[in-house]
Number of protein chains: 2
Amino acid sequence: MVRGGESDGWSRLGPLTLKEGETAQSQIYARLRDALISGYFRPGEELSLRRASAALGTSVTPIREALRQLESDGGLEVFGGNRVLRVPVLSEAELIEIREIRVKLESFAAAQAINGIGPSQLRLISNACSVMQRAADTDDADLYLESNWRFHSLIYRAAERPVLMGLIEQMWLRVGPLIRLAVTAPNHFDRSMESHRAAERALRERDGAALEAAIVRDISDAASDLGKTLGSFVRVKNFNRT
Amino acid sequence: MVRGGESDGWSRLGPLTLKEGETAQSQIYARLRDALISGYFRPGEELSLRRASAALGTSVTPIREALRQLESDGGLEVFGGNRVLRVPVLSEAELIEIREIRVKLESFAAAQAINGIGPSQLRLISNACSVMQRAADTDDADLYLESNWRFHSLIYRAAERPVLMGLIEQMWLRVGPLIRLAVTAPNHFDRSMESHRAAERALRERDGAALEAAIVRDISDAASDLGKTLGSFVRVKNFNRT
DNA sequence: AGAGTCGATCTGTGATCTCGGATACGCTAC
DNA sequence: GTAGCGTATCCGAGATCACAGATCGACTCT
């Protein structure tokens, strides 16, 4: 059941086919994490255990654990007196803070990635960039957001810092639901793709300073575009129930 | 049942008296988190659900959720084919990485704390420092580790960056079980307390650069002392079952 | 005496059920 | 028409149970 006729985050997710050898909980967790990073769920959207269990075809037990993990990661928050879990609605102060942290963590990861990158990784990154360009040309927001995350994560993964990578993922988990709002800003795709191409070029030329600059610019531009669209979004919704 | 007659992490924890109005899960989570940060559990120590439920007097359900959250934070890891949860045994590469990240996050938090600190916070911090000094004088490792965390967290909390604070706590959660090993290094207390007093003085004089330097030195010294004692610890145990 | 095997006992996993509370909806009274 | 109340429904929290797999130990056979 979709509230108010709006699109439901679950609708973008296909039914979960459980692979054996992995726990249901870990698969649900991974699936929802990616979905949150890719902005499948709107800020303030509530995730009910029973609804989720119906959508995914499992009992509530593994879902509770997965959602609890996401809460621990900052990807969900307990909301009303009902203790329902919802996608966090970030304050402006939190947004600024996350931007600060992202700049620090991701520029560092990018600087390290310059050293550890090989031809095969570079090819994957170029592919992701091409897909993202195509998504931008066809205004395919879903594809754009997915390939955007793939593009960035491939770069950071090359830094070979698993703990750092985890922290960066946490920050994306928090801003993911908002990035979908940012891409509706005018000319967002164009400016963003400029930074991405600059990053790709810097990576190819092993220019650490240029890569860091491109990443920082991408983060700042996205934050700025987000600021433009966020005001109107918050004004429409009413989130201060708690 | 304690394996091999060694001290059990649960033994340092009193029985949990559940306060109503809060969920059992969140209280267990908070309790275990503090315990891990304070080094109550040894690296490699296994936390069984049923054992924990017996120790805390609840069913396994809230415990599973709490432990799963701690796993998500990096404070626990799934271990054997049995999927038992244990305190992580960090590799040397992970230790170096965490030290890098801690320097970045905590020096930044310290720099921000300089601005936001007031007289009442300063008094609390001085108190924590005194308690830590007394613990060092009496060789009380438990008290030392607890007040060490209180001292640092009070400083970082003054930065008023809740997200950053969460990331710092995660890093402490990972190194907590190891710090107890570091304090057994010769002269660790003396060197560490020197940094702490320097940090307190810098805070009082609002000297941001000195505070950052003191924090960085504290982290580096602890890492160095840890390196001295870690080798022998790993050699005794055998952790590579998986 | 040593190696292999069988069984008891541990482990986490997931489903189901009950409980208390919050929410939402419809009815009634004004 | 609207405000207020009561009930039906939905919510998460936690306990319990059944199950499958891993581990450990004792016992047996060679």
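## Helix packing in chain A

A crossing of two helices is called left-handed if the near helix is turned anticlockwise from the far one by less than a right angle, and right-handed if the turn is clockwise. In this predicted model, α7(A) passes α8(A) in a right-handed crossing.

Two packed helices are described by the angle between their axes and the distance between the axes. For helix α7 (residues 141–157) and helix α8 (residues 162–182) of chain A, the angle is about 165° and the axes lie 12 Å apart. Angles over 145 degrees count as roughly antiparallel, so α7(A) is roughly antiparallel to α8(A).

On the α7(A) side, the contact is made by A:Ala141, A:Leu145, A:Trp149, A:Tyr156 and A:Arg157. On the α8(A) side, A:Met165, A:Ile168, A:Trp172, A:Ile179 and A:Arg180 take part. By class, the residues of this contact are 8 nonpolar and 2 charged, with no polar ones.

## Relation of the two chains

## The interface between chains A and B

In the contact between the chains, 18 residues of chain A meet 18 residues of chain B. On the side of chain A that touches chain B, the elements giving two or more residues are α4 (60–73), α5 (92–116) and α8 of chain A. That side divides into 6 nonpolar, 4 polar and 8 charged residues.

## Surfaces near the DNA strands

DNA strand C is surrounded by 20 residues, of which the closest are A:Ala24, A:Ser59, A:Gly81, B:Ser48 and B:Leu49. Two or more residues of this surface come from each of α2 (24–37) and α4 of chain A and α3 (49–56) of chain B. The surface near DNA strand C has 7 nonpolar, 10 polar and 3 charged residues.

Around DNA strand D there are 20 residues, the closest being A:Ser48, A:Leu49, B:Ala24, B:Ser59 and B:Gly81. Here α3 (49–56) of chain A, with α2 (24–37) and α4 (60–73) of chain B, each supply at least two residues. The division near DNA strand D is 6 nonpolar, 10 polar and 4 charged.

Notes:
Residues numbered from 1 in each chain as written. Chains lettered and ligands numbered in written order. Predicted model: local features only at pLDDT ≥ 70, side-chain atom pairs only at ≥ 80, totals over all residues. Axes fitted to C-alpha atoms, helices over the stretch in contact; angles between N-to-C directions. Helix = DSSP H or I, 4+ residues; strand = E, 2+ residues; numbered from the N terminus. Parallel < 35°, antiparallel > 145°, perpendicular 65-115°, else oblique. Contact = placed C-beta atoms within 7 Å. Nonpolar A, V, L, I, M, F, W, Y, C, P; charged D, E, K, R; others polar. Near = placed C-beta within 6 Å.
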